[in-house]
Amino acid sequence: MTAVVYEQREVRRARYAVAAVFAVHGAVTGSFATRVPWIQEHASVSAGQLGLALAFPALGASLAMPLAGRISHRFGARAALRGLLALWTLSLVLPALSPNLPALCLALFVYGASAGMSDVAMNALGVEVENRLGRSIMSGLHGMWSAGALIGSAAGTLAAHLGADARLHHVLAAAVLTVLGQVGCSWVLDLQPAEDEEPPPRFALPPKSALLIGAIGFCAVFAEGASLDWSAVYLRHQLETSAGLAAACTTGFTLTMAVARIVGDRVVDRFGSVRTVRAGGVLAVLGGLLVVLAGHPAVAMGGFALMGLGIAVVVPLCFAAAGRSGPNPSQAIAGVATITYTSGLVAPSAIGGLAQATSLVVSFGLVTVLACGLAAFAGVLRAGDRDRPRISGPAAAVPGPRP
């Protein structure tokens with residue numbers, strides 16, 4: 001009984017540690033995003049060249065994520081996360097040091113590769129903690145990522161307002177976040193592969209289960225990317241609002257997603273992944289229809305808020321389902337992550353291209369159609385769903401291999 005209680009405490013501690021890691025990961029993204037204008041000016045690149053450079057993080061992530069499982073197998077989950085997270089936090093300094101376009105593209109490739117590998121490692125550990133606790137935590141973990149991104153963005157906004165050199169800002173931010181990340185990694189589960197377990201391949205196509213789950217994530221991330229990058233433009237040009245109100249729409253969408261993720265675990269525990277995603281799909285479709293049919297800014301802002309609420313927990317639940325879909329969680333999670341990163345890369349340009357050929361209304365009509373897929377195909381998340389019998393009390397910490 002004492003051993004079981006100790007195990008339960010260890011798993012709870014690991015939950016908070018992984019949450020801290022998610023927040024650190026998000027803070028790096030927020031810190032970078034706010035200084036992109038400074039980086040563009042320092043590297044002397046045009047808007048078109050910057051757009052090309054910003055495709056390299058997703059490219060690097062997509063190519064590197066399959067390596068995360070092999071690294072975790074070779075060094076163990078804790079050591080792998082410690083190294084990959086440090087690589088991610090320290091890579092924050094590279095873009096600001098880039099003097100020209102080729103250097104910036106290379107820096108952003110490394111930045112994206114380290115982001116993707118650490119993303120897979122921390123999500124795999126999050127799924128393991130969730131399994132041992134016997135209740136949903138993935139939505140809350142991604143909510144912590146959003147909270148970290150907001151904190152990083154706030155610090156970056158302050159640095160930009162003060163006219164601080166982004167090189168100094170990012171060196172200081174990288175140092176602080178590296179220390180915080182290493183402290184968090186000290187308390188995550190130290191999972192080790194079994195002696196007879198074969199190492200995962202260096203590169204492999206995602207398993208079929210990950211492709212189906214990834215398709216759900218693709219729809220959600222497409223809607224997220226479209227809303228983040230184009231909601232302000234939609235209000236500003238389609239509905240002719242002020243720049244301040246248009247920016248407030250994007251901020252509201254981001255806050256809606258963050259809050260929904262933080263409280264989403266309770267909903268998932270009560271209703272299960274499938275019903276939660278189906279209900280979220282309905283909300284996202286309703287939000288999309290409000291955006292498309294809006295004749296007033298308040299209606300469109302309400303539509304974007306509903307869309308954020310509907311898609312907020314989808315990606316965390318996709319990672320959780322992928323981690324339970326086969327014998328190699330890291331490989332499945334890497335497959336889903338690759339698909340979602342691709343969606344995030346494609347969405348903004350696809351919306352812009354369709355808007356150029358038709359209108360933004362038609363573009364968000366496409367987003368609404370894709371949101372229908374969340375409700376229609378949510379059943380692929382059924383494997384390992386929260387609908388299984390709940391585990392509570394000291395026994396909740398027992399399932400799964402010991403670290």
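At roughly what angle do the axes of helix α9 and helix α12 cross? The axes of helix α9 (residues 138–161) and helix α12 (residues 243–271) cross at roughly 145 degrees and come within 6 Å. Axes here are lines fitted to C-alpha atoms, for helices over the stretch in contact, with angles running from 0 to 180 degrees between N-to-C directions. Two packed helices are described by the angle between their axes and the distance between the axes.

The structure is a predicted model, in which local features need pLDDT of at least 70 and side-chain atom pairs count only at pLDDT 80 or more, while totals for chains, interfaces and linings use all residues. Residues are numbered from 1 along each chain as its sequence is written, and side-chain values use heavy atoms, with hydrogens and water left out.

The secondary structure of the protein chain consists of 17 helices and 0 strands; helices (H or I, at least four residues) and strands (E, at least two) are DSSP runs, numbered from the N terminus. Of its 403 residues, 50% count as buried, where buried means under 20% relative accessible area, exposed over 50%, and partly exposed in between (1.4 Å probe, protein chains only). Among contacts with a separation of 6 or more, 86% are between residues 24 or more positions apart; a contact means heavy atoms within 4.5 Å.

The pair of helices named at the outset can now be followed further. The crossing of α9 and α12 is left-handed, a term for a near helix turned anticlockwise from the far one by less than a right angle. Residues of α9 that take part in the meeting include Gly140, Gly143 and Ser146, and those of α12 include Ala258, Arg261 and Gly264.

Arg261 counts as buried because its relative accessible area is 5%.

The count of salt bridges comes to 4. Another of them joins the side chains of Arg324 and Glu130 (2.0 Å, N to O). Here too distant parts of the chain are linked: Arg324 lies in the loop between α15 and α16, and Glu130 in helix α8, 194 residues apart. With a relative accessible area of 2%, Glu130 is buried. Asp165 and Arg167 form a further salt bridge, their closest N and O atoms being 2.7 Å apart. Asp165 is partly exposed at 28% relative accessible area, and Arg167 is partly exposed at 34%.

Helix α15 (residues 314–323) is mostly covered, with 10 of its 10 residues buried; among them are Pro316, Cys318 and Phe319. In helix α16 (residues 329–357) lies Thr340, which is buried with a relative accessible area of 7%. Leaving aside residues up to four places away in sequence, Thr340 touches Gly217, Phe218 and Val221.

The surface remains to be described. The accessible surface of the protein chain comes to about 17,000 Å², of which 69% belongs to carbon and sulfur atoms; such areas come from the Shrake-Rupley method with a 1.4 Å probe, and for residues only the protein chains shown count as cover. Val110, in helix α8, is partly exposed at 32% relative accessibility.
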